[in-house]
Amino acid sequence: MSDDLTTAGQGEGGSKVSAFIRREIGRVAALASLVVIFIFFTIMNPVFASWANVSGGILMSTTVIGLLAIGVTFVIITGGIDLSVGTSMALVAVITGKMVMAYELNVWVGILLGMVVGGLLGAVNGILITVLRLPPFIATLATMKGAQGLALIISDLKPILFATDVKGWDQIAQGNIIPNFPNGVLILFVAAIIGSLILNKTVLGRYNFAIGSNLEATKLSGVKVNRWLVAIYALCGVYVGLAAVVITSRLGSAQPDLGLGYELEAIAAVIIGGTSLFGGKGTIGGTIIGALIMSVLINGLRILGLQQEWQYVVVGAVILLAVFGDNLRRRRAGDTTV
Amino acid sequence: MATAQLLSLTGVSKEFPGVKALDNVQFDLNEGEVHAIVGENGAGKSTLMKILSGIYKKDAGDVKYRGQSVEIPNPYEAQRLGISIIHQELNLMPHLTVAQNIFIGREDRRPGRVFLNNPKLNDEATKLLAELELNLDPKAIVGELTIAKQQMVEIAKAVSYRGSVIIMDEPTSSLTPAETESLFKIIRTLKAAGKGVVYISHRLEELAKITDRITVIRDGQYVKTLKTTETSIPEVISLMVGRKVDQDQRPSNRNIGSEIVMKVEGISDRHLLRNVSFELRKGEILGFAGLMGAGRTELARAIIGADPRTEGKIYLHGKEVKIKQPSDAVAAGIGYLSEDRKRFGLLLIQNLTFNVILSSIPRFSKFGWLRIKPAAGVTRDVISQLRVRTPSENQFVKNLSGGNQQKVVIGKWLTRNCDILIFDEPTRGIDVGAKDEIYKLLTKLAEEGKSIIMISSELPEILRMSDRVAVMCAGRLTGILDNKDANQEKIIEYATKFSDELSVVH
């Protein structure tokens, strides 16, 4: 028990290194696995560690899932889930694409528009969950299918091409403000830092943890829980919007049928990153590490020439291992709160 | 009528960590008899019944069934012996039919043992229901029946085991007077068939109507067994309460002003509360006494807007306030401390600071950004002021003891500067030493001008702490007593005033 007595709480205090490691053991373990996996692939094939592969292959392919996963982290910390982020991303891409083309909007307005539309879609989820009191799983399953259909309807089943028509749209993800560092990756890291600040330093973040720790107690403490839940789902939507902007920039088009399945990849990243599906615990840093672990695995296995179907099996095994390891660690620490 | 003895318990004891729940209790039951067990909340009635039905194992003592010593290690063995229990909360599957519920786990199957034999199930249920003179359709869906009819299903299920002992735990708690009468009719049918019924009830006036004998237990100890025809309700009450009242501590004479801080007028809800009105004065501790299910927690939750009211107004300092949700109550300066701290009061997986500032986060933020340093400072103040035993404000709340957790919840409301505090069972789950500390804290808060509503099921606690005692029964306020006029007998009397003709006494 003496260990528990020195354990520092979420987000504050604990300057000692040992206390830090104990508090952050989930993320430390995830980061350690990331490093080990990285070293393994580098030994197997040095090409893996080349900057071209790391930036263009690994980091770039993490951007979209990473952005979605940051959004979903907020939702999962409330104890909820958002299954709609993948198809919502497609819907945002299509709507933004249509508007940008129709009104000849510039790149900045386009980015802002994507985030606003994403935020609105997220708010719809929040309203379904709080006002209609639907379980998050059901509400976002419904909006997932709805968004999938609407994306196809609005786009008339055809991709919307940006590349040639909107000046600079391709630069959003593929340009290099920092030499040799793709803007898409920069967006992911900046978005992660902002997300982490929101989660740990703002009122919204604090209520996010409170709701996930104990919704009833939070409500009885006088917090307008429903309002904050809508805000949190909307925030998730803003990240979905940003992901939509990045994916259209990378592809040069809005693909109405691209997005289904991304939600599960994002959720997997969150879980590998040590965020509890039961709510109340989690970090953005962990989520980014989780997303990187998945990209590194896929990229490394591909370089090693493993067939895609086997890559899936490995990723599945990693999810199991990550959660099982987390459980073991917790059980040893005598933590019964799951 | 020659009657055989069905049950005989002697010297039964049961200890839980820190509590002697039963100490050398005796009880017996004859064929064709209804034998009541009465006692205050926590006297040990349910523990005794749980031992009889195999849910708990006794630590010591002897249980004889039809003259033979028996062990009842689990509920199956109890059923095999012929002891059935009908719990206060019904244990039926609402989506299944009456017949399916009665024979759950013992379904007849067709040859091959794969498919169920529903027609036979229904036939058997029909026979059983006719035997008990119960007017029920075996094919009716249980969830669509009234509570009274559901209870009949439970009785039929209990009888279907063909046992001879049926235990009924508060069977009338959710029945109307007419339904209670028909329950009594069924009980008489069971009596006539030679069954023995153990009857647990808080409703003392029912005992005269249906029971043959009454056994009183108090604080886990056997007090006396009385013949119903030879006793009276006042005698039963005085045996239930037992302790000499003058031993109990009372609050020291405090000067409570006449300033009325909160006035509650005519609160009703959909299920239980009926027209509850009272006033709370500045610096006062107003105790709320009553039996379990009297509606005290429901009243508190209705006041703070956690559950909907159908009627009623709340005035603070003479002005009406609209409280529709808990955030309105908190904004008006009313803090509620639930009896179930872990579920309704605390963020167990977070640290002390987080819990202490939870109601006051806007105060610790600027433009949406949290200012952790002042929050930690306030928490350290709370820790020293309330003497919370914790290594630091960064400790997780789940690692604290019950008493210290309670102090954290108190600290949360003090940080919010609430003037009105509603404590629901403030010392539940707190050990004796820490209880005293909580009592001192409550007194100190009242002396500092906070107004306190204290719901408690422990009468000594009510008498020790309350300046006035409000007593509730079945969703109504049946009386408000000044501490000097209050004693345990009077409180029990008001707490068991189930009939409607009694008006509210001020």
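**Exercise 1. How many of the 27 residues of α12(A) are buried?**

Keep in mind as you work that this is a predicted model.

*Solution.* Start with the cut-off: a residue is buried if 20 or more other C-beta atoms lie within 10 Å of its own. By that test, 22 of the 27 residues of α12(A) are buried, so the helix is largely enclosed by the rest of the structure.

Next, check the length of the helix, which covers residues 225–251 of chain A. The expected span is 1.5 Å times one less than the number of residues. For α12(A) this gives 39 Å, and the end C-alpha atoms are 39 Å apart, which agrees.

Finally, look just past the helix: Gly252(A) has a positive phi of about 75°.

**Exercise 2. Work out which helices of domain 1 of chain B touch domain 2 of chain B.**

*Solution.* Begin with the bounds: domain 1 of chain B is 5–245, and domain 2 is made of 259–333 + 419–506. Their centres, taken over C-alpha atoms, are 33 Å apart. Each of the two domains brings twelve residues to the contact.

On the domain 1 side, α7 (204–210) and α8 (233–241) of chain B each supply at least two residues. The most comes from α8(B), with four residues. Sorted by class, that side has five nonpolar, five polar and two charged residues.

**Exercise 3. In which sense do β9 and β10 of chain B pair?**

*Solution.* Strands β9 (residues 213–218) and β10 (residues 221–227) of chain B are antiparallel, over six bridges. To trace one bridge, take Ile214(B), whose partner in β10(B) is Leu226(B). Two residues lie between the strands of this hairpin, where Asp219(B) has a positive phi near 50°.

How values were computed
Residues numbered from 1 in each chain as written. Chains lettered and ligands numbered in written order. Predicted model: local features only at pLDDT ≥ 70, side-chain atom pairs only at ≥ 80, totals over all residues. Domains from an automatic or database assignment. Contact = placed C-beta atoms within 7 Å. Nonpolar A, V, L, I, M, F, W, Y, C, P; charged D, E, K, R; others polar. Pairing = 2+ DSSP bridges. Buried ≥ 20, exposed ≤ 12 C-beta atoms within 10 Å, placed from the backbone.
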